[in-house]
Amino acid sequence: MTAQLESPRPESESTAGPIRRHKQKFGFDFGASLVVFLVALPLCVGIAVASGVPAELGIITGVVGGIVVGCMPGSTMQVSGPAAGLTVLVASAVADHGLAVLGVIVLGAGLLQILLGLIGIGTWFRAISPSVVQGMLAGIGLVIILGQIYPVGGMEQPSETSAKFSGLPELFSSVLTTSTGRSGLAIAVVTLLTMALWGRMPQRLRTVPAPLVGVGVAALLTSVLGLPLETIQVGALLETVNLVTPEAFGAATSFAVLGSILTFALIASAESLFSAAAIDRMHDGPKTRFNTELMAQGVGNTICGLLGALPMTAVIVRSTANLHAGARTKLSRVMHGIWLLLFVMLLPGVLSYIPLATLGALLLHAGWKLLGVRQVTKLFREQRAEAFVLVLTAGMIVGTDLLIGTLTGLVAAVIKTAWEVSRLSVEVEHEEDHAQVRLHGNATFLRLPQLQDRLEQLPVTSSAHVDMTPVRHLDLACHQAVENWAEQRRKSACDVELAMPNAR
């Protein structure tokens, strides 16, 4: 019996499958990179303008986020760049310390992010209460909305929150009585309506991002009608690069600058890792390695700081657009950074047709999304205590600043959780001249007033047996309170027996 050997397939056939798959992946990534580029371009410029820095610095951050961070390990699908959530911090830092020191702050924040990633802090960001996160985003959204209504009305945005509120009557007067104010409002409304209507178009048309369509329609109307609106002015990127100087490093010794570095690092890290957790739930590919991603963000911010550009985070809007456009690998986010660089180097004059009122409208839309009205309403219906933490966090951010507001929310969340966890049940049974007291739950200092009230209500003339063996946790405060109460009863010639838990 002779064996029949199967002839091997030609090499061209055996390799055709992998080559075809690579070509398909490249095609998906190429298309997705163009979509993300079209989403990122107006937002990079708008966030820079809203932060009070040259528009070119926002684009530099977008390029670094795409090309540098895009090549690094950590996350596959999320896209980095300047974020609307940091505009408040950047504007405040520039107003307090100057544009030259901004690079030092961003550089320091990047180095701190790398350190946090190395020591494994990245995974701990997932332990932050969702109500604090929502409150932080809602507070940022409110601040963005409150600030961006001024550029829409043709006025310069005040730097202080109190001035933004007190300037509202003058803003409304400008919108109603000046041609610049009326034109700005009209263009902003057109931008937002165009974006809303574009979202209802057929799927094949919606491959072009709604923000780009809104900006295009607004720029066309402004040019054709000759509206008296200020437009974007973008120069050469190399001329705008603001390299950190040794003199600027001297400012890093002040507590105010060190506080800004810590704030930038924590908020940028939290926003990036929250985005990573959200994006991971939207795809079936490799999941984010949080500490590695935190170090990648740190490297990106370190480079942005050296160049004097804006800080970066992973941005949920761009990341979602990347996924929905069909991206398969991290190549899409790298190419989006290349398109940003080529566009600004070859076609910078195109941006000069975009009115600032349109960028204000884009950021108003971003701020409204950060508010998360539906999620907030649902939280109020289902969990009032969590909703209180959210409102407190958002209100403190609007009233003070991002760091104080977020820390206040974290403290409130910890106190709320501690109060809910330390549930204590005190059962009392009276039998003639004897009282049987039984404790269940966690006896912590938060429940000390409740425990003392119940013990002091026992008749002074009766004996008592306090059974604390069912208690899961007995802290020092409650332990001492029960022993002091028992000692006082014994001094009054009352018989008191205490049954303590085995472990405290």
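## Charges on a spread-out predicted model

Glu-427, Glu-429, Glu-431, Glu-432 and Asp-433 gather in a surface patch of negative charge. Patch members have over 30% relative accessible area and no salt bridge, with like charges joined within 9 Å. Asp and Glu count as negative, Lys and Arg as positive, while His and the chain ends are not counted; each charge is placed at CD of Glu, CG of Asp, NZ of Lys or CZ of Arg. Areas come from the Shrake-Rupley method with a 1.4 Å probe.

A word on ground rules: this is a predicted model, where local features need pLDDT of at least 70 and side-chain atom pairs count only at pLDDT 80 or more, while totals for chains, interfaces and linings use all residues. Numbering runs from 1 along each chain as its sequence is written, and side-chain values use heavy atoms, leaving out hydrogens and water.

With a relative accessible area of 58%, Asp-433 is exposed (exposed is over 50%, buried under 20%, partly exposed in between).

Zooming out, the protein has 21 helices and seven strands, taken as DSSP runs (H or I, at least four residues, for helices; E, at least two, for strands). Its radius of gyration is 30 Å, well over the 23 Å that the globule rule gives for 504 residues, so the protein is more spread out than a compact globule. That radius is taken over C-alpha atoms, and the rule is 2.2 Å times the number of residues to the power 0.38. The C-alpha atoms fill a box of roughly 100 × 95 × 50 Å along the principal axes. Of the 504 residues, 49% count as buried.

Now for the pairs. Side chains of opposite charge can pair when their charged atoms come close. The whole structure holds three salt bridges (a Lys or Arg side-chain nitrogen within 4 Å of an Asp or Glu carboxyl oxygen).

| Salt bridge | N to O distance |
|---|---|
| Lys-416 with Glu-386 | 2.9 Å |
| Arg-438 with Asp-467 | 3.8 Å |
| Arg-490 with Glu-487 | 4.0 Å |

Lys-416 lies in helix α19 (residues 402-421) and Glu-386 in helix α18 (residues 384-399), so this pair ties together parts 30 residues apart in sequence. Lys-416 is buried at 12% relative accessibility, and Glu-386 is buried at 16%.

Arg-490 and Glu-487 are three residues apart in helix α21 (residues 476-491), about one helical turn. Arg-490 is partly exposed at 38%, as is Glu-487 at 40%.

Methods:
Patches are made of residues with over 30% relative accessible area and no salt bridge: like charges are joined within 9 Å, nonpolar side chains (Val, Leu, Ile, Met, Phe, Trp, Tyr) within 5 Å. Buried means under 20% relative accessible area, exposed over 50%, partly exposed in between (1.4 Å probe, protein chains only).
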